[in-house]
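Welcome! Have a look at the model, then read on.

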Amino acid sequence: MGATLRPQQARLIAEINQAIAAGCRRIMVQAPTGFGKTVVAAAIAADILDNGKRAIFTVPALSLIDQTVERFYQNGVYDVGVIQADHFMTNYARLIQVASVQTLQRRQIPRTDLVMIDEAHRWFDLYPDWMNRPEWKNVPFIGLSATPWTRGLGRHFDKLIIAATVSELIEAGYLSAFRVFAPSSPDLSKVRSVGGDYRDDDLSKVMDQSGLVADVVDTWIERGKGRPTLCFGVDRAHAKNLQQKFTAAGVRAEYIDAYTEANDRAAIARRFHSGETEVVCNVGCLTTGVDWDVRCIILARPSKSEMLFIQMIGRGLRTADGKDDCLILDHSDNHLRLGFVTDIHHDKLDDGRERQKAEPKAKEALPKKCPKCAFLKPPKTPICSACGFKPEVKSKIQNKAGELVEFAARGARKPIDRGEQAIFYAELKHFATMREFKSGWIAHKFKDKFGTWPPHDFERLPPAKPTVTTLNWIRSRQIAWAKARGAAQ
Ligand SMILES: [Zn+2]
């Protein structure tokens with residue numbers, strides 16, 4: 001009986017068996033990507049076979065059928081048939097059936113002794129209907145998901161088993177560590193929401209602006225190059241545009257979506273693993289069932305959904321030879337909104353009774369952005385572990401003579417944030433250098449922004465690449481200036 005189980009996997013199976021022995025028939029298992037839940041499912045199937053019984057394993061996507069069968073084979077489970085349209089492995093005599101939900105909806109479901117529902121956060125009307133039929137009442141249904149937080153799931157399951165958390169798996173070395181940079185922050189103030197998440201059409205308009213798209217490409221070239229990368233866009237137009245902008249910048253990028261043919265998809269996967277393709281842009285169709293060796297994730301798709309967020313990040317957390325960590329370039333503010341994936345927990349299923357709204361997280365519990373390099377630091381860590389930047393004690397600076405002086409504009413109501421000014425100055429300097437502007441331009445723009453000339457010691461600051469916000473500000477001043485000049489003539 002093939003599979004050698006890790007201790008955590010063996011413990012999970014024992015827990016499931018105990019729950020069944022105690023009379024539970026509707027069990028939800030939460031196990032992060034990388035836990036090896038298909039291996040666990042194969043072990044359960046092997047047990048069923050040993051007892052001469054039958055089981056069905058359902059999957060929500062066609063692409064998961066063959067992958068599951070393969071996994072079962074690898075773990076010594078061979079008595080497998082497939083229920084999916086006219087799949088060549090169709091054979092109802094087999095004791096284990098791997099079934100597509102879509103096909104099951106249209107067929108008589110064969111009697112079995114156990115049902116496993118893969119990716120159970122993707123909930124179908126078939127499931128409650130099936131579970132409530134009298135002849136299935138006493139048959140155990142086991143849901144498997146990394147994120148079983150779909151609204152109302154708690155009404156269908158009487159037990160939740162949390163097999164492991166993401167941080168446990170990272171600590172144990174089964175998942176890769178990760179580092180996050182948040183180079184740009186989109187302005188989502190005008191984006192409407194629907195069903196608990198942002199509306200794609202509004203979101204696409206905001207995220208598809210040239211400044212943001214260019215920043216995605218520039219940031220990746222600067223920080224991500226050399227890492228096999230998945231980039232998540234908002235919709236097809238946005239993801240395609242990202243791919244084109246990558247290509248225009250000389251990056252070998254491809255595009256994939258739910259309509260990409262299976263053989264094209266396989267070819268893309270092959271080029272991705274050979275290094276021929278550097279970046280694959282997609283629209284979220286790669287969130288489940290893809291076990292590519294991904295070492296950089298670009299989030300260009302803002303979301304309020306913890307499930308979508310975790311599924312996207314999950315693509316980058318598989319371990320691989322020579323992989324130290326996964327680099328996450330977050331252009332969506334998802335981390336500033338939802339926290340790190342390792343901080344997202346729910347100890348019960350949503351019973352649908354009251355809207356368990358994603359309450360805005362307490363500010364203190366959220367990561368903080370390093371003002372210098374945009375690295376996301378865990379809460380309460382003042383010094384940036386990526387660049388060593390240490391924020392200055394507010395409104396106090398060391399002057400040339402080495403003494404501490406209070407730095408506040410006289411008469412100003414709030415003290416000037418010298419850190420913010422320094423960053424802005426450094427960004428202007430970068431812009432001016434690139435465009436070969438005269439140095440007076442920097443001082444004038446600085447005064448334009450802060451109402452005061454820059455302190456002399458700022459001249460020694462090294463230039464820093466401007467953020468999109470700063471670039472937009474500069475552009476807006478240029479437009480205002482052009483307009484004013486036009487009016488004067
Ligand atoms: Zn930093």
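This is a predicted model: local features need pLDDT of at least 70, side-chain atom pairs count only at pLDDT 80 or more; totals for chains, interfaces and linings use all residues.

Elsewhere, helices α1 and α2 cross, as do α8 and α9, and so do α13 and α14.

**Helices α1 and α2**
- Helix α1 spans residues 7-21 and helix α2 spans residues 37-50; their axes come within 10 Å and cross at roughly 50°.
- That angle makes α1 oblique to α2, and the crossing is right-handed.
- On the α1 side, the residues that meet α2 are Q9, L12, I13 and I16, while α2 brings V39, V40, A43 and I44.
- Sorted by class, this contact of α1 with α2 has seven nonpolar residues, one polar residue and no charged ones.

**Helices α8 and α9**
- Helix α8 covers residues 210-224 and helix α9 covers residues 236-248, with axes that come within 10 Å and cross at roughly 50°.
- This makes α8 oblique to α9, in a crossing that is right-handed.
- From α8, the contact is made by V213, V216, V217 and W220; from α9, by H238, N241, L242, K245 and F246.
- By class, the contact of α8 with α9 contains six nonpolar, two polar and one charged residues.

**Helices α13 and α14**
- Helix α13 runs over residues 418-435 and helix α14 over residues 439-450; the two axes come within 10 Å and cross at roughly 140°.
- The pair α13 and α14 is therefore oblique, and the crossing is right-handed.
- Helix α13 contributes E420, Q421, F424, Y425, L428, K429, F431 and A432 to the contact, and α14 contributes W441, I442, K445, F446, K449 and F450.
- The residues in this contact of α13 with α14 divide into nine nonpolar, one polar and four charged.

Definitions and conventions. Residues are numbered from 1 along each chain as its sequence is written. Side-chain values use heavy atoms; hydrogens and water are left out. Axes are lines fitted to C-alpha atoms, for helices over the stretch in contact, and angles run from 0 to 180 degrees between N-to-C directions. Helices (H or I, at least four residues) and strands (E, at least two) are DSSP runs, numbered from the N terminus. Angles under 35 degrees count as roughly parallel, over 145 as roughly antiparallel, 65 to 115 as roughly perpendicular and the rest as oblique. A crossing is left-handed if the near helix is turned anticlockwise from the far one by less than a right angle, and right-handed if clockwise. Contact means heavy atoms within 4.5 Å. Ala, Val, Leu, Ile, Met, Phe, Trp, Tyr, Cys and Pro count as nonpolar, Asp, Glu, Lys and Arg as charged, and the others, Gly among them, as polar.
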